[in-house]
Amino acid sequence: MTAKYILIQLIGLSGTLLFFFSYQCKSNRVLFRVQFASYLIYTLHLFLLGATTGAVSYVVNMLRSFCLGSKWKTARGEGMCAVLCLMQLCVLALTWSGWTSVLPVAANIASTIAGYTDNPRKIRAAAMFVNSPLWMLYNVLSGSLAGILDEIVTEISLIVSIARFGWKALDRVEE
């Protein structure tokens with residue numbers, strides 16, 4: 001392993017730490033703001049690895065987190081959800097490099113739709129059963145050790161948040 005590769009993985013690890021802490025935020029607004037910072041770091045990490053579809057789709061995720069973390073009604077509306085999903089499909093078309101390109105885009109579309117429900121339980125379910133498994137496979141194929149660790153840590157964080165708040169309690173939206 002070269003020093004450059006280790007540095008790229010360390011950059012990704014800092015995104016992993018932020019993402020872990022995001023699910024420990026009970027407020028959806030704070031969760032999305034912390035995820036925004038994590039996505040910014042992961043965008044850099046994936047670009048440095050040459051995983052273009054994943055990197056560009058994280059740019060759309062940053063916009064999504066900004067919208068969901070804002071107080072602007074338009075940014076939090078169904079129309080913006082549709083725009084963000086369409087943007088993910090554009091990312092897929094513009095960065096296509098084979099079937100693996102579908103993985104991060106499908107994962108992000110699922111998380112976008114769940115995020116726009118504003119329901120903490122649905123957000124976590126989409127993350128656990130769709131987003132994380134698809135990103136795990138993409139990270140394995142892209143050589144992102146930090147991404148692999150991120151998905152393991154994300155699953156653990158999701159389980160911890162469910163244990164802390166209770167599955168039924170996560171059906172209530174907190175501001």
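Colleague: How many salt bridges does a search of the whole structure find?

Modeller: One, searching the whole structure, where a salt bridge is a side-chain nitrogen of Lys or Arg within 4 Å of a carboxyl oxygen of Asp or Glu. This is a predicted model, so local features need pLDDT of at least 70 and side-chain atom pairs pLDDT 80 or more, while totals for chains, interfaces and linings use all residues. Numbering starts from 1 along each chain as its sequence is written, and side-chain values use heavy atoms, without hydrogens or water.

Colleague: Which side chains meet in it?

Modeller: Arginine 76 and aspartate 118, at 3.1 Å from N to O. Arginine 76 is in the loop between α3 (52-68) and α4 (78-95), and aspartate 118 in the loop between α5 (102-115) and α6 (120-142), so the pair links distant parts of the chain, 42 residues apart.

Colleague: Is aspartate 118 buried or exposed?

Modeller: Buried, at 17% relative accessibility. Arginine 76 counts as partly exposed at 24%; the cut-offs are under 20% relative accessible area for buried, over 50% for exposed and partly exposed in between, with a 1.4 Å probe and protein chains only.

Colleague: New topic: at what angle do α1 and α7 pack?

Modeller: About 15°, with the axes of α1 (residues 3-22) and α7 (residues 145-165) 8 Å apart. That makes them roughly parallel, the term for angles under 35 degrees.

Colleague: Which residues of α7 make the contact?

Modeller: Leu145, Ala146, Leu149, Asp150, Val153, Thr154 and Ser157, with contact meaning heavy atoms within 4.5 Å. On α1, the residues include Tyr5, Leu13 and Phe19.

How values were computed. Axes fitted to C-alpha atoms, helices over the stretch in contact; angles between N-to-C directions. Helix = DSSP H or I, 4+ residues; strand = E, 2+ residues; numbered from the N terminus. Parallel < 35°, antiparallel > 145°, perpendicular 65-115°, else oblique.
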